[in-house]
Amino acid sequence: MNQIVGSHDLVMITLDTLRYDAAVLEEANCPNLCQGGGWEKRHTPGSFTYAAHHAFFGGFLPTPATTDKSQHVRLFHSANTGLRTHPHTWLFDTPDLVSGLQAEGYRTICIGGVIFFTKKVPLAKVLPGYFQESYWRMTFGVTNPRSTEHQVNHALKLLAKTPEHERLFLFLNVSAIHGPNHYFVPGAKHDSVDTQRAALRYVDGELGRLFDALKKRERPVFCMAFSDHGTAYGEDGYEGHRLAHEVVWNVPYREFIL
């Protein structure tokens with residue numbers, strides 16, 4: 001990351017509520033998110049959106065699901081903590097990753113999705129408040145079956161207005177995979193792994209347009225795509241998230257250069 005920060009545009013995409021098992025089952029049907037490789041199994045730092053994103057913006061991305069510490073190399077870390085860091089880790093000397101990138105000359109943009117990005121109440125202004133620019137519309141939310149299409153359309157408009165020489169950190173919280181997602185399978189009345197898989201296929205198709213536009217920018221783009229947490233569909237009697245179960249803690253993770 002010491003070579004990437006400053007030389008690359010950065011994109012962080014959180015696929016809200018995407019389960020690891022659902023993501024793996026759809027690898028072959030996700031040519032945009034899974035270009036050049038499959039999903040890596042990781043552990044999320046939080047069991048629901050608000051907690052997980054606070055960690056992400058602090059530089060704590062999902063942790064590799066392995067006891068091999070050599071694979072636990074952080075991309076980002078707060079400087080001057082007294083902790084030993086890997087020489088490849090990029091250090092920021094600010095309260096959070098977003099302002100750290102801003103200090104490096106990045107334009108920071110947030111396109112929200114789920115309720116914690118709506119800015120409708122004070123609590124929902126916290127996460128978007130990390131960014132210089134933040135956007136949310138009703139059409140970006142979980143109740144719109146075309147939410148990712150609308151989010152990508154908005155991102156494309158912003159990219160068209162962003163000078164080529166300007167460093168960009170674009171964050172996108174994808175809401176479509178979060179419940180309700182049963183409407184992605186005709187006739188389905190309840191959310192399930194199958195309907196979440198269908199939602200992921202839809203999301204991947206829409207992200208292709210965003211990736212194509214990003215590839216046309218002056219500098220290369222480093223992309224991080226991962227889930228903030230999973231969700232339970234009746235496993236061991238559990239429903240939903242904000243609880244301690246492996247289907248919630250295990251999340252898919254990918255990083256790649258477009």
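Visitor: Where is Thr17 found?
Guide: Thr17 sits in the loop between S1 and H1. This is a predicted model, and in it the phi of Thr17 is near 80°, a positive value in a residue other than glycine.

Visitor: Is Thr17 buried or exposed?
Guide: Thr17 is buried, with a relative accessible area of 2%.

Visitor: What about Lys119, what's its phi?
Guide: Lys119 has a phi near 65°, which is positive in a residue other than glycine. You'll find Lys119 in the loop between S6 and S7. Lys119 counts as partly exposed, at a relative accessible area of 31%.

Visitor: Which residues does the cis peptide bond join?
Guide: Gly179 and Pro180, with omega at about 0°. Pro180 belongs to the loop between S8 and H5.

Visitor: Okay, the sheet. What's the strand order?
Guide: Follow S3-S2-S12-S9-S1-S8-S6-S7. That's an open sheet of eight strands with mixed pairing.

Visitor: Which strands stand at the edges?
Guide: S3 and S7 (133-135) do. Each has a single partner strand, so one side of each is left without a neighbour in the sheet.

Visitor: In what sense do S2 and S3 pair, parallel or antiparallel?
Guide: Antiparallel, over two bridges, between S2 and S3 (residues 63-64). Arg42 has Pro64 in S3 as its bridge partner.

Visitor: And how many bridges link S2 and S12?
Guide: Four, between S2 (residues 40-43) and S12 (residues 250-257), again in the antiparallel sense. There, His43 is partnered with Asn250 of S12.

Visitor: How do S1 and S8 pair, parallel or antiparallel?
Guide: S1 and S8 are parallel, with six bridges. Leu15 stands opposite Val174 in S8.

Visitor: What else is Leu15 in contact with?
Guide: Leaving aside neighbours within four places in sequence, the contacts of Leu15 include Leu33, Trp39, Ile177, Val203 and Phe226, along with Ser227 and Asp228.

Visitor: Which residues have the most contacts inside the largest nonpolar core?
Guide: Ile13, Leu15, Leu207 and Leu210, in a core of 39 residues. Elements giving two or more residues to this core are the strands S1 (9-15), S6 (106-111), S8 (167-174) and S9 (221-226), plus the helices H1 (20-25), H4 (147-160) and H5 (193-215). H5 provides the largest share, nine residues.

Visitor: How many residues are in the second core?
Guide: That separate core has 31 residues, among them Phe76, Phe92, Leu97 and Phe226.

Visitor: Back to the helices. At what angle do H4 and H5 pack?
Guide: About 5°, with their axes 9 Å apart. H4 and H5 are therefore roughly parallel to each other. On the H4 side, the contact involves residues including Val152, Ala155, Leu156 and Leu159. From H5, Val203, Leu207, Leu210 and Leu214 are among those taking part.

Visitor: Which strands does H4 lie across?
Guide: H4 lies across S6, S7 and S8, and runs at about 155° to S6.

Visitor: Last one: what feature does UniProt place at residues 95-249?
Guide: The unreviewed UniProt entry gives "domain: Sulfatase N-terminal" for that stretch. In the model, residues 95-249 are 31% helix and 17% strand, and the end C-alpha atoms lie 26 Å apart.

Note on methods:
Residues are numbered from 1 along each chain as its sequence is written. This is a predicted model: local features need pLDDT of at least 70, side-chain atom pairs count only at pLDDT 80 or more; totals for chains, interfaces and linings use all residues. Side-chain values use heavy atoms; hydrogens and water are left out. UniProt positions are given in the numbering used here, feature names are shortened, and annotations may be inferred rather than shown by experiment. Two strands pair if DSSP finds at least two bridges between them. A nonpolar core is a set of buried Ala, Val, Leu, Ile, Met, Phe, Trp, Tyr and Cys residues joined through side-chain atoms within 4.5 Å. Buried means under 20% relative accessible area, exposed over 50%, partly exposed in between (1.4 Å probe, protein chains only). Contact means heavy atoms within 4.5 Å. Axes are lines fitted to C-alpha atoms, for helices over the stretch in contact, and angles run from 0 to 180 degrees between N-to-C directions. Angles under 35 degrees count as roughly parallel, over 145 as roughly antiparallel, 65 to 115 as roughly perpendicular and the rest as oblique.
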